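Hi,

Here is the structure I promised to pass on to you.

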Amino acid sequence: MKKLIIFELANNHCGDVNFGLKIIEEFSKVADNFRDIFDFAIKFQFRDLDTFIHPDYKNKIDLKYVKRFQESKLSEKEFWVLKDKSEKLGFKTICTGFDEKSVELINEMGFDYIKIASCSFLDWPLLNKIAEYNLPIIASTAGIEL
């Protein structure tokens, strides 16, 4: 079994599907030199911004993460375009879901893996939702104590 190297797309597409496609293409150029040694994956992040950001904070662009999440929002259709491109270029696909609705979408879209973010490691409603699906899990433990 080859080691898996994960390229992080996350919000780096800046809310522009064409920029996201370019990033994936550039990752592919790097990966092509090492595909006989490693497997490669593109990692996405999903947040249902209608429910993920509290209504009192939706327009608070002075808050770093609210601003970044709002500015880098993509539609489900645009995520399909990015995922399809990733697969056509030979990448496995991984997605971090930060809420239950996003986990459902990850399952519907057929990602190869689901990732649990370190900040979600004790989010039991989210973990229980993830456990409903038969997806391989990558869990980021960061500094969590056993």
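Cys119 has a relative accessibility of 63%, and because the cut-off for exposed is over 50%, Cys119 counts as exposed. Cys95 sits at the other end of the scale: its relative accessible area is 0%, so Cys95 is buried. A disulfide is a covalent bond between the sulfur atoms of two cysteines. With sulfur atoms required to lie within 2.5 Å of each other, the count of disulfides comes to zero. Please keep in mind that this is a predicted model.

Which residues of the largest nonpolar core touch the most other members? They are Ile42, Phe44, Phe46, Leu82 and Phe91, out of 28 residues in that core. At least two core residues come from each of helix H1 (17-32), strand S2 (38-46), helix H4 (76-88), helix H5 (100-109), strand S4 (113-116) and helix H6 (124-131). H1 gives the most, with six residues. As a general background, nonpolar side chains in soluble globular proteins tend to be buried together.

At 1.5 Å a residue, its 16 residues should span 22 Å, and the C-alpha atoms at its ends are 22 Å apart, so the two values agree. The buried residues of H1 are Val17, Gly20, Leu21, Ile23, Ile24, Phe27, Ser28 and Ala31. Because they cover an arc of only 160° around the axis, they are on the same side of H1. An α-helix has 3.6 residues a turn, so residues three or four places apart point the same way. Asn18 and Lys29 are exposed on the other side of H1. The partners that the buried residues of H1 pack against are strand S1 (3-8), S2 and H4.

H4 can be read in a similar way. Its 13 residues should span 18 Å at 1.5 Å a residue, and its end C-alpha atoms are 18 Å apart, which agrees. Phe79, Leu82, Lys83 and Ser86 are the buried residues of H4. Seen down the axis, these fall within an arc of 95°, so they line one face of the helix. Lys77 and Lys88 are exposed on the other side of H4. The cover over the buried residues of H4 includes H1, S2, S3 and H5. Just after H4, Gly90 takes a positive phi of about 90°.

Leu82 links several of these elements. Apart from its neighbours within four places in sequence, Leu82 is in contact with Leu9, Val17, Gly20, Leu21, Ile24, Phe44 and Leu74.

Two more residues are worth a look. Thr93 belongs to strand S3 (residues 92-97), and at 0% relative accessibility Thr93 counts as buried. Setting aside neighbours within four places in sequence, the contacts of Thr93 are Ile42, Phe44, Lys83, Ser86, Glu87, Gly110, Phe111, Asp112 and Tyr113. Ser75 is in the loop between helix H3 (64-71) and H4. At 33% relative accessibility, Ser75 counts as partly exposed. Ser75 and Gly15 are 60 residues apart in sequence, with their C-alpha atoms 9.1 Å apart in space.

Best wishes

Definitions and conventions. Residues numbered from 1 in each chain as written. Predicted model: local features only at pLDDT ≥ 70, side-chain atom pairs only at ≥ 80, totals over all residues. Heavy atoms only, no water. Core = buried A, V, L, I, M, F, W, Y, C linked by side-chain atoms within 4.5 Å. Buried < 20%, exposed > 50% of the residue type's maximum accessible area, 1.4 Å probe, protein only. Helix = DSSP H or I, 4+ residues; strand = E, 2+ residues; numbered from the N terminus. Contact = heavy atoms within 4.5 Å. Expected span 1.5 Å × (residues − 1). Arc of directions from axis to C-beta.
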